[in-house]
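Student: Hi, could you walk me through this model? I'd like to start with the big picture and then get down to side chains.

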Amino acid sequence: MGAPAVRYAHPGRRLFAWLIDVLLLLFVLRLLHFLPLLQDPTLVLARELPAPMALPWPLLLLAAMLASVAFWHCCSGTPGKLLAGIQVVAVRDGAAPGLGQGLLRFAGYGLSLLPVALGFLWVLRDRRRQGFHDKLGRTLVLEDDESAKSLDQLLREAA
């Protein structure tokens, strides 16, 4: 029996994964908004809830970059991608992207936005469903089909 065919992630799955990641980020930011209540719960009784935290966008961008690159490197995907059953892998060997690759891929998001998100829309046209950020980072986004793995592969991953 031959090796299973590579299944590139459907653009709809990629969009779904992105939405999960955005919602998760918004949830975490909302939790941070209520962090002062852990130090002083009487603020609720006094109806003195803190004003929403206004984090500067460069700090948010840096946090998103660090989290994305770390998740790609250690888990082959962000929480949204993992929940959607897709993974980010290096083109060269199918392993999780290296840190440098992850940084290039994240930097490519800016390129993918210009003009009119053409780099993201490129996944609809490309035969390997790569956006500009994937091409720059030399990554692929694949469907993570556990059923196509051998028992040996599953046991190695579990160890």
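Tutor: Happy to. One note before we start: this is a predicted model, where local features need pLDDT of at least 70, side-chain atom pairs count only at pLDDT 80 or more, and totals for chains, interfaces and linings use all residues. Residues are numbered from 1 along each chain as its sequence is written, and side-chain values use heavy atoms, with hydrogens and water left out.

Student: Great. How many helices and strands does the protein chain have?

Tutor: The protein chain has nine helices and two strands. Helices are DSSP runs of H or I with at least four residues, strands are runs of E with at least two, and both are numbered from the N terminus. From that end, the order is α-α-α-α-α-β-α-α-α-β-α.

Student: And what do the strands S1 and S2 do, run parallel or antiparallel?

Tutor: Strand S1 (residues 86-90) and S2 run antiparallel, joined by five bridges; DSSP has to find at least two bridges for strands to pair. Val-89, for example, has Leu-140 of S2 as its bridge partner.

Student: Is S2 buried or exposed?

Tutor: Five of the five residues of S2 (residues 139-143) are buried, so the strand is largely enclosed by the rest of the structure. Buried means under 20% relative accessible area, exposed over 50%, and partly exposed in between, using a 1.4 Å probe and protein chains only. Both faces are covered, with Thr-139, Val-141 and Glu-143 on one side and Leu-140 and Leu-142 on the other. Across the 159 residues of the protein chain, 27% count as buried.

Student: Switching topic: what lines the largest pocket?

Tutor: Its lining has 36 residues, with Trp-18, Asp-21, Val-22, Ser-68 and Tyr-109 nearest the centre. A pocket here is an open set of points on a 1 Å grid over the protein atoms alone, where a 1.4 Å probe fits, with protein on both sides within 12 Å along at least five of seven lines; lining residues have an atom within 4 Å of a point.

Student: Which helix gives the largest share of that lining?

Tutor: That is H1, with eleven residues. The helices that each supply at least two include H4 (57-75) and H6 (99-113).

Student: What else is around Trp-72, then?

Tutor: Trp-72 is buried, at 1% relative accessibility. The charged end of Arg-105 sits over the Trp-72 ring, 4.6 Å from its centre; that label needs NZ of Lys or CZ of Arg within 6 Å of the ring centre and within 35 degrees of the ring normal. Ring pairs also link Trp-72, Phe-106, Tyr-109 and Phe-120 into a cluster.

Student: And Tyr-109, how exposed is that one?

Tutor: Tyr-109 is partly exposed, with a relative accessible area of 23%.

Technical notes:
Phe/Tyr/Trp six-rings, centres within 6.5 Å; stacked < 30°, edge-to-face > 60°.
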